[in-house]
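User: Could you walk me through how to read this structure, one feature at a time?

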Amino acid sequence: MAPETRQRQADRSRETRRKLMEATVACLVELGWSGTTTTVVAERAGVSRGAQLHHFRTRGELVAAAVEHLGAESVLHLKDRARTVHGSVVAVVELIADFYASDLFTAALELWVAARTDPDLRTVVVPLEARIGRETHRLAVGLLDADEAKPGVREAVQITLDLVRGLALANQLTDDGNRRRRIVRHWARMLEAALEGDGL
């Protein structure tokens with residue numbers, strides 16, 4: 001097989017995977033876990049069922065790959081947006097809160113809830129959630145320029161992530177944006193004191 005032909009096939013394969021993953025996340029957000037079937041995803045992606053099965057054997061594999069892909073893309077987008085934030089703890093915490101109030105969180109939440117009672121899915125979701133959690137923590141430390149060697153700083157960063165995750169959860173049923181903004185600003189002032197070594 002000619003190198004050009006192999007390259008075209010590899011490009012088509014990457015494009016098929018991308019379409020499947022984007023369609024999966026859209027289905028999770030709009031239809032939830034129960035409505036995100038492999039058939040619905042393949043139809044939305046505009047690919048054949050055979051092509052979908054070639055890339056992902058099970059719904060769990062497909063959904064986990066889609067959320068991981070979106071997580072990586074979202075972290076890159078967050079890093080890009082962070083370049084406009086210059087030293088303001090409030091701006092950084094608002095940026096992280098917006099990151100969690102995105103479609104990524106909604107899709108991941110659907111996975112977490114389904115994994116609670118699905119042992120096969122849990123084996124895929126637990127390591128995925130741990131990887132995304134570690135990457136987000138590292139990113140938050142970098143954005144906040146936090147020195148985790150100082151007592152309480154590591155915990156303060158983790159509290160920030162847990163807080164914005166909880167606020168994003170509260171936002172799932174109703175628009176909680178105004179309350180979220182007030183709480184995020186208040187917490188950011190407390191976090192700033194903690195990062196400077198004054199404690200919470």
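Analyst: A residue is called buried under 20% relative accessible area, exposed over 50%, and partly exposed in between, using a 1.4 Å probe and protein chains only. In this chain of 200 residues, 38% are buried. The model is a predicted one: local features need pLDDT of at least 70, side-chain atom pairs count only at pLDDT 80 or more, and totals for chains, interfaces and linings use all residues. Residues are numbered from 1 along each chain as its sequence is written, and side-chain values use heavy atoms, with hydrogens and water left out.

User: How many helices and strands are there in the chain?

Analyst: Helices (H or I, at least four residues) and strands (E, at least two) are taken as DSSP runs and numbered from the N terminus. Here the chain has nine helices and zero strands. Its C-alpha trace spans about 65 × 40 × 30 Å along the principal axes.

User: What share of the accessible surface of the chain belongs to carbon and sulfur atoms?

Analyst: Accessible areas come from the Shrake-Rupley method with a 1.4 Å probe, and for residues only the protein chains shown count as cover. The accessible surface of this chain comes to about 11,100 Å², and carbon and sulfur atoms hold 53% of that.

User: Which residues of α2 are buried?

Analyst: First, the general idea. An α-helix has 3.6 residues a turn, so residues three or four places apart point the same way. In helix α2, residues 38–45, the buried residues are Thr38, Val41, Ala42 and Ala45. They fall within an arc of 100° when seen down the axis of α2, so they line one face of the helix. The arc is that of the directions from the helix axis to the C-beta atoms.

User: What do the buried residues of α2 pack against?

Analyst: Contact means heavy atoms within 4.5 Å. The partners of the buried α2 residues are α1 (3–35), α3 (49–55) and α4 (59–82). Leu20 counts as buried, at 0% relative accessibility. Leaving aside neighbours within four places in sequence, Leu20 is in contact with Val41, Ala42 and Ala45, and also with Val47, Gln52, His55, Phe56 and Leu62.

User: What follows α2?

Analyst: Backbone angles are worth a look here. Gly46 comes after α2, and its phi is positive, near 75°. Ser48 sits in the loop between α2 and α3 and is partly exposed, with a relative accessible area of 43%. Ser48 and Thr16 are 32 residues apart in sequence, with their C-alpha atoms 9.8 Å apart in space.

User: Which residue has a positive phi although it is not a glycine?

Analyst: That is Asp145, with a phi of about 50°. Asp145 is placed in the loop between α7 (119–144) and α8, and it counts as exposed at 70% relative accessibility.

User: What can I read from helix α8?

Analyst: Take two of its residues. Thr160 lies in α8, which covers residues 153–170, and Thr160 is buried with a relative accessible area of 1%. Not counting residues up to four places away in sequence, Val164 touches Ile96, Ala97 and Tyr100.

User: Which residues does the "DNA-binding region" annotation cover?

Analyst: UniProt positions are given in the numbering used here, feature names are shortened, and annotations may be inferred rather than shown by experiment. According to the unreviewed UniProt entry, "DNA-binding region" covers residues 37–56. That span is 75% helix and 0% strand, with its end C-alpha atoms 12 Å apart. The unreviewed entry also gives "domain: HTH tetR-type" for residues 14–74. Over residues 14–74 the chain is 87% helix and 0% strand, and the end C-alpha atoms are 19 Å apart.
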